[in-house]
Amino acid sequence: MTSPSIPEGFRIYGARSPFTAKIGPLYYKADGDDFTYGFLAEEGHTNSNGVVHGGMLFSFLDDILGHIVWRSLNQKRCATISMNCDFVASAKPGDWVEARSEISRKGMAVVFMRGELLVRGERIFSADGIWKIIGK
């Protein structure tokens, strides 16, 4: 059996807060202005059923979507107003979990986002959220 590894081209995504430092390490890969984010599921990410805790999936996608909004606003501060999610399947230790996202609509005061998490190309989690633009 081969040990789990980080896919080629991904680098550590520095913790943006003390909380994200606790759920990491998180990774990113840049392709020009396009970024892909992911994390390698570890035992510390699991719940009592042995699968990645839903709170981990939610927290990871919330952080990544917030970062994408922040970048799209030329680094203006923003905060999650709401995020509705669906747990579709599970991830297990050793799985590479990758985020995919898109900005649905950007207004003067809020940004609407859609994102999903995938394992081996299959959706395990999806969410729609709204971010408030709160400053410079």
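Is Arg120 buried or exposed? Arg120 is exposed, at a relative accessible area of 68%, where exposed means over 50%, buried under 20% and partly exposed in between (1.4 Å probe, protein chains only). Before the other stops, note that this is a predicted model, in which local features need pLDDT of at least 70, side-chain atom pairs count only at pLDDT 80 or more, and totals for chains, interfaces and linings use all residues. Residues are numbered from 1 along each chain as its sequence is written, and side-chain values use heavy atoms, with hydrogens and water left out.

**Stop 1: the sheet**

Colour by secondary structure. Helices (H or I, at least four residues) and strands (E, at least two) are DSSP runs, numbered from the N terminus. Select the seven strands: they form an open sheet in the order E1-E2-E3-E5-E6-E7-E4, with antiparallel pairing. E1 and E4 are the edge strands, each pairing on one side only. From one strand to the next, the twist averages 30°; the axes behind this angle are lines fitted to C-alpha atoms, for helices over the stretch in contact, and angles run from 0 to 180 degrees between N-to-C directions.

**Stop 2**

Strand E1 (residues 11-13) pairs with strand E2 (residues 26-31) in the antiparallel sense over three bridges; two strands pair if DSSP finds at least two bridges between them. Select Ile12 and its bridge partner in E2, Tyr27.

On the next step, E2 pairs with strand E3 (residues 34-40), again antiparallel, over five bridges. Ala30 has Phe35 in E3 as its bridge partner. E2 and E3 make a hairpin with two residues between them, and Gly32 in the turn has a positive phi of about 70°.

Now step back to the loop between helix H1 (18-23) and E2, where Pro25 is found. Show the backbone of Gly24 and Pro25: the peptide bond joining them is cis, with omega about 10°. Most residues other than glycine have a negative phi, and most peptide bonds are trans.

**Stop 3: helix H2**

Select residues 54-72, which are helix H2. H2 has 19 residues and reaches 27 Å from its first C-alpha to its last, close to the 27 Å expected at 1.5 Å a residue; the expected span is 1.5 Å times one less than the number of residues. Buried residues in H2 include Met56, Leu57, Phe60, Leu61, Ile64, Leu65, Ile68 and Val69. Ser59, Asp63 and His67 are also among the buried residues of this helix.

**Stop 4: the nonpolar core**

What are the residues with the most contacts inside the largest nonpolar core? They are Phe39, Phe60 and Leu117, in a core of 31 residues. A nonpolar core is a set of buried Ala, Val, Leu, Ile, Met, Phe, Trp, Tyr and Cys residues joined through side-chain atoms within 4.5 Å. E2, E3, H2, strand E4 (78-87), strand E5 (96-106), strand E6 (110-119) and strand E7 (122-133) each supply at least two of its residues. The largest share, eight residues, comes from H2.

Centre the view on Phe60. Phe60 touches Ile23, Leu26, Tyr37, Gly38, Phe39, Val97, Ala99 and Leu117, not counting residues up to four places away in sequence; contact means heavy atoms within 4.5 Å.

**Stop 5: two loops with positive phi**

Go to the loop between H2 and E4, where Asn74 is found. Asn74 has a positive phi of about 55° although it is not a glycine. Asn74 is exposed, with a relative accessible area of 70%.

Then return to Arg120, in the loop between E6 and E7. Its phi is near 50°, a positive value in a residue other than glycine.

**Stop 6: Ser126 and the cysteines**

Select Ser126 in strand E7. At 17% relative accessibility, Ser126 counts as buried. Ser126 touches Asn84, Cys85, Asp86, Gly115 and Glu116, not counting residues up to four places away in sequence.

From there, move to Cys85, which is partly exposed, with a relative accessible area of 26%. A search of the whole structure finds zero disulfides, a disulfide being a pair of cysteine sulfur atoms within 2.5 Å. For Cys85, the nearest cysteine sulfur is that of Cys78, 19 Å away.
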